[in-house]
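Thanks for coming, everyone. I'll take you through one structure today, starting with where two chains meet. Have a look at it first.

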Amino acid sequence: MKKLFVVLLMGALLVSAQGLVFAEAVGVTEPITITFWHARGSTVDAEWLANSINKFNATNTLGITVEGVYQGYFSDVQAKTLASIAAGDPPTIAEISCTAIPVLATQDLLVDLTPYVERDGFDMDNIVEAVSDYIYYDGQIITMPYTRGTAIMYYNKDMYAEVGLDRAPTTLEELNHYAKLIYENSDGAVKGIGYTIEANYYQHYLVQSLNGMGILDADGSGASCLEDGSLLQFLTDWFEWTEEGWCAVPALSSASSVVQENFNNKSLAAFVSSSNRATTISNNAKANGINLGMAFTVGYGGYSAPIGGGSLGIINRGNTDQEIAAAWEFMKFLMTDEQVAGNHVATGVLPATYSSIETDIIQECWAENEGYKLSYEQLDFASEIRFSPYVSEWSSIVKSAMSQLIQGRNITPEEVVQNLKDEAAALF
Amino acid sequence: MHSKYTGFKLRRLAVSGISFTFKLFMLVLFLFPFYWMIVTSFKTYGGSIVFPPTLLPHTFTLEAFEQVFTRLNLWNYLKNSVIVTVAVIVIQTLIGVPAAYAFSRYSFKGRGIMLALVMAAFMVPTQITFITVYIMMSKLRWLNTLLPQIVPFGASAYGIFLLRQAFMQVPTDIIEAARLDNAGEIKIMTRIMLPAAKSSLMTVTLFSFVGSWNSYFWPLVMSNAEKVRPLTLAIERLKDQDAGINWPVIMAGNMIMVLPVLLIFLLMSNKIISSMGYRGIK
Amino acid sequence: MAKIEFLDVHKSFGSAKVIENLNLTLEDGKFNVLVGPSGCGKTTLLRMIAGIGPATKGQILLDGEDVSNIPPGKRGVAMVFQSYAIYPMMTVRQNIEFGLKNNRVPKAERERRISEVSQVVGLAPYLGRKPSQLSGGQRQRVALARAMVKEPKVFLMDEPLSNLDAKLRGAMRSELVQLHKQLKTTFVYVTHDQVEAMAMGDCIILMDQGKIMQQSDPETMYRDPNNIFAAQFIGTPPTNIVEIGSENFKLGFRPETIILSANAGPDRAFTRRVKIMTREMLGAETFYKLCLEDGQEAMARLTNSSLAEGDTLYLQVDEDNLYFFDAKGNRVRKTGSQHYDAMVERVKRSHES
């Protein structure tokens with residue numbers, strides 16, 4: 001449904017020949033209200049964002065008022081933003097996922113921020129390099145990192161210690177070994193590890209640890225994992241793990257919530273989730289008396305981690321220069337050290353600037369909670385999926401293929417790979 | 001003789017036993033979800049995810065309700081839900097009753113086609129029309145108002161159809177008698193037709209009420225600002241699956257959501273049931 | 001009070017022509033009864049007067065005024081429906097008051113009329129009730145009261161008694177006749193029941209297939225029918241119609257005019273030998289089904305109950321009691337027809353041959 005929706009809107013976009021607004025750095029001359037669409041719905045996220053907006057509205061001297069509108073998950077924000085652009089009534093600024101940025105950027109729907117960056121001397125080198133891939137497109141600056149996150153392994157320290165692992169696992173093989181032990185020692189009551197199906201996220205980096213590229217090639221226009229046997233190997237393994245029982249099969253609905261429920265009721269010993277949820281997950285673990293460990297995520301033969309999450313983009317249609325200028329002011333505010341650091345500490349999202357890391361806010365937090373620090377340190381080897389217009393569609397195709405295998409269980413890994421080859425031939 | 005008698009008695013006992021079991025089963029089937037919602041809303045998060053689940057909360061807490069109120073500006077959403085629901089019901093009645101009357105009692109050019117159109121509208125799912133309507137609403141600059149949630153539902157094909165069926169049951173004689181009594185068409189509609197179609201009107205109103213009150217998809221698409229969003233979207237907002245769904249909070253929100261519906265059904269249940277049994281008098 | 005005239009009236013439902021080219025005048029103040037078999041168009045005429053089933057073509061005049069374009073509620077007519085059509089959701093009082101309110105009759109006047117009418121029809125104790133709490137007869141009275149209270153120029157009644165049981169129907173019949181005598185208003189009463197028509201009407205309009213077969217007072221209707229249809233529709237059992245050999249006319253005689261005897265009297269106009277097929281003893285009278293020698297049948301209605309099935313006797317009818325009809329079924333009367341005497345002669349001779 002959602003896909004159809006997006007396709008229809010693309011059509012509408014093409015038809016509605018609206019004049020392009022060329023961004024030119026202007027100043028905000030009179031009081032103005034702009035809307036900000038976002039996906040920050042969880043308690044800690046919503047609280048922090050409301051805090052940010054209130055502070056900006058109260059302190060900016062230009063008379064800018066930001067109205068934050070929660071639009072659901074990233075996919076909802078993407079769909080609604082596209083719809084609103086087609087309808088001619090878009091928000092001024094939106095929180096856009098890595099998957100959606102290419103979709104918007106390739107149609108020139110995002111304002112080029114370069115004039116503003118240059119005018120205000122905004123230091124682009126201050127942005128943490130690992131999260132900078134989705135900032136640039138075609139020589140333009142189109143986004144700012146905002147709620148970027150990496151995947152973290154959250155594990156029950158006591159359960160792993162009980163079977164003999166008193167530190168975080170360093171490779172997938174090690175993790176699997178102990179996960180299996182936990183399962184066997186509990187007579188099948190506790191599963192060792194659980195994943196959800198996020199083809200462009202966890203599964204992508206697991207494949208990447210095999211072939212160095214993941215489900216999408218480095219140039220973003222092919223999937224050699226289908227040919228080099230890496231995807232087949234991963235799928236065969238994953239199927240096997242779930243068949244043996246110690247790796248949990250993802251639930252058909254709200255899978256990411258279900259793994260957390262099982263972790264909290266102690267029927268699951270470890271799971272992988274975004275660092276953006278670190279605060280919520282820590283709070284829940286504490287409430288349920290769980291000795292939570294946070295660790296680097298692992299792949300075949302070592303560490304391997306994805307980077308995802310959301311960035312801020314200003315919509316290039318239906319907004320006046322004044323609105324765009326106001327949005328830039330808000331963006332700049334969110335990129336201040338205090339905001340970046342506070343965002344990280346309050347919710348767990350990655351700190352996106354080097355200078356913010358030097359602040360007391362972050363240093364004090366890291367001193368107390370090594371898990372937050374760890375998410376940042378993981379950026380040394382974590383990577384983003386390639387910027388490609390195919391990301392969105394290809395990952396959704398791979399996701400449904402994985403779902404057929406792991407959740408449907410009525411197909412062999414070989415058949416899945418064959419089907420994907422057909423799909424790939426049609427797509428790329 | 002004796003055994004034959006007891007055999008009959010036993011058979012009757014068995015039949016009533018089966019019937020009782022079946023009724024009990026249906027009751028549980030319908031009531032258990034409600035029970036589960038109520039119980040869960042008084043649990044802690046830990047209590048809600050414990051395995052195996054418990055039928056009663058280990059620790060009874062109102063924390064979930066507190067969270068709902070602190071996390072949401074509930075009055076804003078409640079106000080929107082009430083305004084939208086009341087407006088939809090009023091407009092639907094104002095439009096649907098005359099339309100149904102015309103369709104049931106007048107023969108005019110194009111009646112068949114128009115009725116077919118209404119029926120077609122009845123069959124087209126909103127999922128097909130919403131993009132066009134969205135663009136229309138956007139062009140009208142209505143997206144920051146409650147209008148997109150009200151205006152498209154001003155006419156209910158289902159309501160017109162049901163009322164038309166009810167109006168057709170009214171004997172022609174009675175309408176002719178009223179015409180001979182010098183009653184105008186509006187008077188015939190309000191004094192003769194509507195009382196006779198009471199049960200259908202009530203059904204239509206109830207369906208509109210529940211439909212409008214529970215509407216989720218449409219307001220999700222048609223609202224771009226918090227100030228115009230209804231309760232359903234607010235309750236959904238309590239659910240963030242990536243952060244782990246906090247079932248007690250969701251259920252507390254749902255309790256607040258269904259309470260008005262339950263109250264109306266409880267208060268009106270007598271009328272609803274009796275109106276279902278309404279028959280005209282010969 | 002009003003005279004009602006139909007001028008060249010047509011009525012069709014879709015392609016079915018129910019009434020064509022009909023002209024009729026209903027006299028002011030009369031108890032007019034439209035009678036005929038179902039589908040004859042009698043209710044259609046009534047609905048034209050009311051304005052709830054307008055004519056396809058032609059004019060309807062009320063006191064000389066064309067009412068074709070006047071809405072039903074403003075014609076000064078009231079109607080009692082076969083189904084009563086009382087408003088089920090209103091009390092008896094509201095039912096009666098509805099028309100008055102719509103006609104903006106002042107409240108005091110309404111009260112006066114309602115109490116008067118409810119006294120007359122005997123509904124005074126039931127004014128607060130809902131129709132569902134009333135008996136069939138009481139509902140009928142509500143319908144009547146609702147019509148009366150408007151003090152209309154014309155009362156229209158569409159088989160108002162057909163839903164009542166036989167006993168109540170008889171009582172209501174005479175009440176309605178009395179009501180008419182009191183009000184002296186024009187009544188137009190539709191029925192398919194010839195007994196009702198005869199009992200109640202001052203003027204009977206007998207209809208068949210959209211045509212008026214005869215319009216006259218009851219006495220004339222019975223004694224002097226215009227055609228075979230009228231002769232047979234009125235009276236129980238209906239008028240016997242027999243053919244005389246190969247003659248091109250038909251003979252009619254009422255069952256009660258038959259003389260049955262063992263020996264044929266010489267001076268009767270019509271004589272036949274008959275055999276009694278069946279006998280129905282109804283108390284004061286007895287019906288005999290007779291079979292003529294040529295196989296034709298006739299019914300006799302006699303006070304003599306002593307005859308038995310299988311008896312063979314002579315059937316005789318006096319000349320005065322014979323009706324002659326031409327091949328189209330229209331009456332040939334003694335006055336105005338030079339063939340009449342010849343026909344009587346041929347009938348007399350037909351027995352001897």
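Chain A and chain B together bury about 2900 Å², and 50% of that is on carbon and sulfur atoms. Buried area here is the accessible area, with a 1.4 Å probe, that two parts lose on being put together, summed over both. Three residues of chain A stand out. Tyr70(A), Tyr73(A) and Asp89(A) supply 19% of the area that chain A buries against chain B, more than any other three residues.

A word on ground rules. This is a predicted model, where local features need pLDDT of at least 70 and side-chain atom pairs count only at pLDDT 80 or more, while totals for chains, interfaces and linings use all residues. Residues are numbered from 1 along each chain as its sequence is written, chains are lettered from A and ligands numbered from 1 in the order in which they are written, and side-chain values use heavy atoms, leaving out hydrogens and water.

Back to the contact. Chain A brings 33 residues to it, and chain B brings 33 residues. Contact means heavy atoms within 4.5 Å. Two pairs of chains are in contact, and chains A and B share the most contacts. What about chains A and C? No contact joins them, and their closest C-alpha atoms lie 49 Å apart.

**Chain A**

Chain A has 18 helices and 14 strands. These are DSSP runs, numbered from the N terminus: helices are H or I, at least four residues, and strands are E, at least two. The radius of gyration of chain A is 22 Å, close to the 22 Å that the globule rule gives for 428 residues, so chain A is as compact as a globular protein of that length. That radius is taken over C-alpha atoms, and the rule is 2.2 Å times the number of residues to the power 0.38.

Of the 428 residues of chain A, 59% count as buried. Buried means under 20% relative accessible area, exposed means over 50%, and partly exposed is in between, with a 1.4 Å probe and protein chains only.

Now one helix. Helix α11 of chain A covers residues 278–287, and seven of its 10 residues are buried, so it is largely enclosed by the rest of the structure. Among the buried ones are Ala278(A), Ile281(A) and Asn284(A). After α11(A) comes Gly289(A), with a positive phi near 65°.

**Chain B**

How many helices and strands does chain B have? There are 14 helices and zero strands. The radius of gyration of chain B is 25 Å, well over the 19 Å that the globule rule gives for 282 residues, so chain B is more spread out than a compact globule. Its C-alpha atoms fill a box of roughly 85 × 70 × 30 Å, taken along the principal axes.

Of the 282 residues of chain B, 44% count as buried. Contacts in chain B with a separation of 6 or more are 73% between residues 24 or more positions apart.

Last stop: one residue. Where does Asn246(B) lie? Asn246(B) is in the loop between α13 (231–237) and α14 (247–276) of chain B. Is Asn246(B) buried or exposed? Asn246(B) is buried, with a relative accessible area of 17%. Leaving out residues up to four places away in sequence, Asn246(B) touches Tyr45(B) and Gln67(B).
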